[in-house]
Amino acid sequence: MKVLIIAANRERFPDPVFPLGAAYIAHAVEESGFDVSVFDCCITNEPISELAALLDTGDFNVIGISLRNVDNNAFPKAENYLDWYMEIFRACRDNSKAVIVTGGSAFSIFPDLFMNELQPDYGIRGEGEYKFIELLKQIEDGTPPSEKLLHADTIRDLNFDSFPSRNGFNTSFYFEKGGCINIQTKRGCEYNCAYCTYPALEGHDYRMRTPSSLVDEIEYWTEQGITHYFFVDSVFNAPVDYAYSIVDEIIRRDLKIEWSGFFAPILKDKQFLMACLDSGLASVDLGTDAFSTETLKGHNKFFTVDDIFRSCEICHDLGVKFNHSLIFGGPNETEATLLETLINVDKTRPTSVIGFIGVRLYPGTPIIDQVAHGEVGIDPVFFVSEAVSETLLDTLQNYTSDKLNWIIPGLEKGTNTKFLNRLRKKGLKGQIWEYFDKFTTG
Ligand code: B12
């Protein structure tokens, strides 16, 4: 049976990101002995015509389409990718008789709505490695399931027989244009942040890969010339013992790499970050969200204003670049809390700040019950605290106008992709925001 896996994502901001979900699925297909090809919509300027040509010659039995992003989260200029996904589905229907199966994080957030809009033959919600293969076998045996929307069980053991080969994907493209490739160490998130989809997508319980097999993957890619990595885990530094075991294994193998990842601002002392530095840590992306006690409470965060200050101080002491990821206008936000956040962020002298305006509402997140009125759909709906809804955009515009290291996609601030591309063309690696301190005015 011939299977084609399509990575549908074309978003290139803040960087093109290697389609890791699609690669996991393609690898599972490869391992199960089916004939697999891949098509990545991000690396070509003419995806539809190229896809049509491939479908014309490929004679595929099944097409798996990976949907990563629902939308770009950039209120008030948010765009969803549904029209684009529809084009891909149309191209597949028009040029092939294959059974179409879809999945991915975007799909798993809105399974019913995407089933309705895109009309695949099957949709798989959740982790697709085993469920997709089960479906392929059923199709091959002539016993396809009658239900169209399938729910994958949580995969308890993430130590698959081998790490994703990424065969057929253009890893060098992502290393050159995106400055790194991505690695997943674990799945799951123990926290309950009000807005967040991660627990809904990955569950609350951690499932970890063993450090040695994980670092085998990094070592393999390092031998292929990849020097920079991003750990895609929801929070790299929790649980901290597991994070230690990874950095220790990288140090033990003496790999010459640089890496970054999402950190919660809960650093207690310098020790952990020093171990990270020894293993090649280049920067820390802090999931700060807000920097005032009331708004942190509103987001249901698990740390305090003091924790954030302490974490930033540790980064400064050790010379580690850090970004604050923020969400402005969340629950409990007032003019006073907003100003407090802005001023506190400045006090910490970050390398950069990436701020989203308003809370994008998704089903399955804790905030939904408190604030959602009516249906929350693929077309982005954002919550903005009433106390700042009239003034938020102006306040942010005015406060950040002379701050060149602040990126606010909703204000199209710091999002000039031509400029970012020029930086990459100079060969800059790692996270693009690591270079934004060069622009700091203060
Ligand atoms: C790491 C990450 C980033 C990093 C990526 C760094 C890098 N170099 O990779 C950064 C910070 C750059 C980033 C940016 C963005 N991200 Co992001 N990101 C993530 C995160 C935490 C992990 C993604 C990942 O790699 N997962 C690991 C892979 C293996 O999992 P997976 O893709 O889900 O695949 C599994 C299943 O979905 C399924 N599956 C996947 N494909 C298919 C196909 C078939 C046929 C089947 C059956 C199953 C299947 O099986 C796979 C294996 O189990 C997720 C949240 C999350 N926990 O998922 C958000 C997430 C993917 N991002 C999201 C968004 C919106 C974005 C941005 C648009 C804006 C933003 N808010 O940051 C940009 C877009 C960037 C781009 N160019 O596309 C959303 C997407 C959904 C949505 N809400 O729209 C998520 C889910 C978070 C959220 N807010 O809900 N992101």
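Helices α14 and α16 are, therefore, roughly parallel to each other, a term that covers angles under 35 degrees, while over 145 counts as roughly antiparallel, 65 to 115 as roughly perpendicular and the rest as oblique. Before I continue, a word on the basis of this talk. This is a predicted model, in which local features need pLDDT of at least 70 and side-chain atom pairs count only at pLDDT 80 or more, whereas totals for chains, interfaces and linings use all residues. Residues are numbered from 1 along each chain as its sequence is written, and side-chain values use heavy atoms, with hydrogens and water left out.

Let me return to the opening pair. Helix α14 spans residues 335-347 and helix α16 residues 392-400; they pack at an angle of about 25°, with axes 12 Å apart. Axes here are lines fitted to C-alpha atoms, for helices over the stretch in contact, and angles run from 0 to 180 degrees between N-to-C directions. Helices (H or I, at least four residues) and strands (E, at least two) are DSSP runs, numbered from the N terminus. The crossing of α14 and α16 is right-handed, that is, the near helix is turned clockwise from the far one by less than a right angle, anticlockwise being left-handed. On the α14 side, E335, L338, L342, I343 and D346 meet L392, T395, L396 and Y399 of α16, where contact means heavy atoms within 4.5 Å. By class, this contact has six nonpolar, one polar and two charged residues. Ala, Val, Leu, Ile, Met, Phe, Trp, Tyr, Cys and Pro count as nonpolar, Asp, Glu, Lys and Arg as charged, and the others, Gly among them, as polar.

I turn now to a second pair. Helix α1 (residues 20-31) packs with helix α6 (residues 128-141) at about 45°, their axes being 9 Å apart. These two helices, α1 and α6, are therefore oblique to each other, and α1 passes α6 in a right-handed crossing. Y24, I25, A28 and V29 of α1 meet G128, E129, F132, I133 and L136 of α6. Seven nonpolar, one polar and one charged residues make up that contact.

K270, L273, M274 and L277 of α11 form the contact with I314, C315, D317 and L318 of α13.

Which residues come nearest to the ligand? Of the 40 residues around the ligand, they are N9, S66, V70, T197 and Y362; a residue is near if one of its heavy atoms lies within 4 Å. An oxygen atom of the ligand is 2.8 Å from an N or O atom in the side chain of N9, and for the side chain of N182 the distance is 2.8 Å. A polar side-chain atom of R187 lies 3.2 Å from a ligand oxygen atom. Elements giving two or more residues to the shell include α1, β3 (62-66) and α6. The shell has 17 nonpolar, 15 polar and eight charged residues.

Finally, the backbone. A cis peptide bond joins F13 and P14, with omega about 0°, and P14 sits in the loop between β1 (2-7) and α1. The bond from F75 to P76 is also cis, with omega near 5°; P76 is in the loop between β3 and α3 (82-95). D254, a residue other than glycine, has a positive phi near 55°.

Definitions and conventions. Polar contact = N/O pair within 3.5 Å; in protein donor to acceptor, adjacent residues only side chain to side chain.
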